[in-house]
Amino acid sequence: MAVPAPVTAGAPDAASEAVVDVRDVHYSIGGREIFAGLSLQARRGRITAVMGPSGTGKTTLLRLITAQIRPERGTVRVFGEDLAALNSRAIYQLRQRMGMLFQNGALLTDLSVFENVAFPVREHTDLTEGLIRKLVLVKLQAVGLRGAAALLPAELSGGMARRVALARAIVMDPELLIYDEPFVGLDPISLGFILRLIKQMNAALGITSIVVSHDVQELATIADDSYLLSEGHIAASGTPAQLRDSGAPAVRQFMTGSAEGPVGFHYPAPDYLSQLLKEDDA
Amino acid sequence: MPSSASAGPLLEGVRRVGSVSLFFVRLLLQCVPALARPRLLIAQIYNTGSRSLIIIMLSGLFVGMVLGLQGYDLLQRFGSEDFLGSAAGVGLLTELGPVITALLFAGRAGTALTSEIGLMRATDQLTAMEMMAVDPLRYVAAPRFLGGIIAMPLLSAIFCLIGLYGAQLIGVQLMRIDPGVFWSQMQGSVTHRNVTESVVKSLVFGSACSLIAVHEGYHAEPTAAGVGLATTRTVVASSVLILLLDYVLTAAFL
């Protein structure tokens with residue numbers, strides 16, 4: 001697929017403000033190239049959306065930004081620090097300034113909802129039990145699950161688990177919040193609620209947010225900057241409106257969800273008919 | 001560098017030993033902070049120890065009874081059935097107690113540890129901890145490792161105790177050996193060295209089983225098949241290692 005020219009107007013360019021600055025990153029898994037010279041920035045106090053079809057490496061990008069994996073080439077800077085130059089202790093210190101919402105919630109299954117949210121507070125602070133209790137209840141109230149504090153993760157629905165995970169991600173008031181597919185499987189009420197919450201936290205607390213998702217419509221309502229990821233590159237970047245109005249075929253196809261366009265739905269395969277006939281012969 | 005898939009079994013074996021050794025060093029470094037969290041540690045002693053009690057006690061009873069039957073049958077051929085107490089005491093304390101407890105421990109607690117940690121890996125719980133700047137080695141692996149080391153000698157002691165009772169049940173109650181002779185023979189034969197050997201063996205076996213179980217779970221492929229495979233590897237590797245270490249330790253104590 002030909003990579004369309006990026007929509008550059010309004011794209012993030014002030015690297016000095018960038019909380020996350022990914023430059024010319026190359027990364028491959030099992031010989032398959034995931035990123036070939038990927039660059040993007042997430043600016044302070046803004047909501048940056050990273051969109052792209054399934055399998056384009058959105059989650060891999062988050063793993064690079066959070067130093068779970070290291071790029072083969074290129075640099076990833078978070079809060080101005082080059083992740084490649086940090087040892088594990090420094091990376092852990094950096095992570096105390098981040099919060100991450102996992103696709104599946106990733107709640108600790110042997111702890112109650114309350115203890116899950118309290119977990120990072122207990123690990124990193126010496127707050128009294130009374131203060132921890134208040135703090136956790138405030139965060140659970142923010143996601144509408146104060147009443148579920150005593151439940152175990154196994155007793156929650158997928159959407160509820162995601163909301164508890166969000167409460168846990170924000171309990172330490174991080175400067176950078178990373179959301180991995182936060183809208184998948186949410187009912188419309190929870191979806192609207194989470195969208196408003198992301199926006200409110202961003203506006204009220206100045207949290208920098210990176211939201212990775214393929215839910216174009218939802219992202220368009222909250223994102224300040226958007227990147228469209230395709231075939232290891234940034235295919236387009238700009239405000240959601242700019243991406244929506246883009247004339248580039250691949251961008252248009254993704255934004256409108258059309259089956260027609262340069263991005264193939266099928267994974268590369270031999271000719272359908274000949275493969276079927278061949279298997280019949282066999 | 002050859003990939004692990006194309007590497008020969010020997011190379012793969014060396015790689016695994018290296019991986020376990022490195023993991024062991026990293027784990028040891030986290031054991032001191034883990035000791036500072038007694039609640040986590042006690043929970044793991046309960047998980048690995050208390051929950052294995054029934055199987056250990058039942059096995060101990062039957063092993064002791066078999067030892068009583070076989071020992072009596074063999075000894076009475078030479079008119080030496082009075083020595084059953086000695087045979088049961090030394091045999092259970094130095095060999096059967098630590099070895100069978102460790103094999104049962106690997107099957108019951110080791111597999112539970114591996115599958116629990118493997119599933120935590122598969123459901124991103126370990127990654128979530130890393131993202132919350134909490135080292136899963138310290139919070140998850142080290143308490144489970146230490147819990148296993150502490151629980152093993154206790155389980156082994158209980159196994160020996162019940163085993164002796166089983167041997168006594170057969171020798172004294174069924175075969176009518178004089179109880180005074182049975183117990184005094186045992187008292188005369190079992191030395192401090194035997195007790196030390198038993199404790200050392202169970203400590204070493206406990207460390208080996210817990211290390212393998214935690215390592216396999218921690219490095220399990222995050223899929224259903226991967227966790228299953230890791231659990232199998234825990235049982236196989238632990239069993240072989242227990243028997244190998246048993247030979248080495250027995251030779252060292254002779």
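In strand 5 of chain A, which residue is the bridge partner of A:R77?

Analyst: Happy to. One thing to keep in mind is that this is a predicted model.

The bridge partner of A:R77 in strand 5 of chain A is A:D82. This pair belongs to the antiparallel pairing of strand 4 (residues 73-78) with strand 5 of chain A, which runs over two bridges. Strands of a sheet pair through backbone hydrogen bonds, either parallel or antiparallel.

Stepping back, the two strands sit in an open sheet of four strands in chain A, with the order 2-1-4-5 and antiparallel pairing. Strand 2 (32-43) and strand 5 (81-82) of chain A are at the edges and have a single partner strand each, so one side of each has no neighbour in the sheet. Helix 1 (residues 58-65) of chain A packs on this sheet, where it touches strand 1 (18-29), strand 2 and strand 4 of chain A. The direction of helix 1 makes about 120 degrees with that of strand 1 of chain A.

Chain A also has an open sheet of six strands, in the order 6-7-8-3-9-10, and its pairing is mixed. Here the edge strands are strand 6 (98-101) and strand 10 (233-238) of chain A, each pairing on one side only. From one strand to the next, the twist averages 15 degrees. At one end of that order, strand 9 (residues 225-230) and strand 10 of chain A pair in the antiparallel sense over five bridges. Within that pairing, A:Y227 has A:S237 in strand 10 of chain A as its bridge partner. Helix 5 (residues 158-170) of chain A packs on the sheet and touches strand 6 and strand 7 (176-180) of chain A. The direction of helix 5 makes about 175 degrees with that of strand 6 of chain A.

Next comes the contact between the chains, which takes 15 residues from chain A and nine residues from chain B. Helix 2 (88-95) and helix 3 (113-124) of chain A each supply at least two residues of chain A's side, and the largest share, four residues, comes from helix 3 of chain A. By class, the side of chain A that touches chain B has seven nonpolar, six polar and two charged residues.

In chain B, the axes of helix 8 (residues 192-218) and helix 9 (residues 224-253) come within 9 Å and cross at roughly 155 degrees. That angle is why helix 8 of chain B counts as roughly antiparallel to helix 9 of chain B. The crossing is right-handed. Among the residues that meet there are B:V204, B:F205 and B:I212 in helix 8 of chain B, and B:L241, B:I242 and B:L245 in helix 9 of chain B. The contact of these two helices has 14 nonpolar, three polar and six charged residues.

Finally, a word on confidence. Chain A has a mean pLDDT of 84, and 91% of its residues reach 70 or more. Residues 1-16 of chain A have a pLDDT below 50, and this stretch has 38 contacts in the model beyond near neighbours in sequence. Where pLDDT is low, the predicted coordinates should not be read in detail.

Definitions and conventions:
Residues numbered from 1 in each chain as written. Chains lettered and ligands numbered in written order. Predicted model: local features only at pLDDT ≥ 70, side-chain atom pairs only at ≥ 80, totals over all residues. Contact = placed C-beta atoms within 7 Å. Nonpolar A, V, L, I, M, F, W, Y, C, P; charged D, E, K, R; others polar. Pairing = 2+ DSSP bridges. Axes fitted to C-alpha atoms, helices over the stretch in contact; angles between N-to-C directions. Parallel < 35°, antiparallel > 145°, perpendicular 65-115°, else oblique. Left-handed = near helix turned anticlockwise from the far one by under 90°. pLDDT = per-residue confidence, 0-100.
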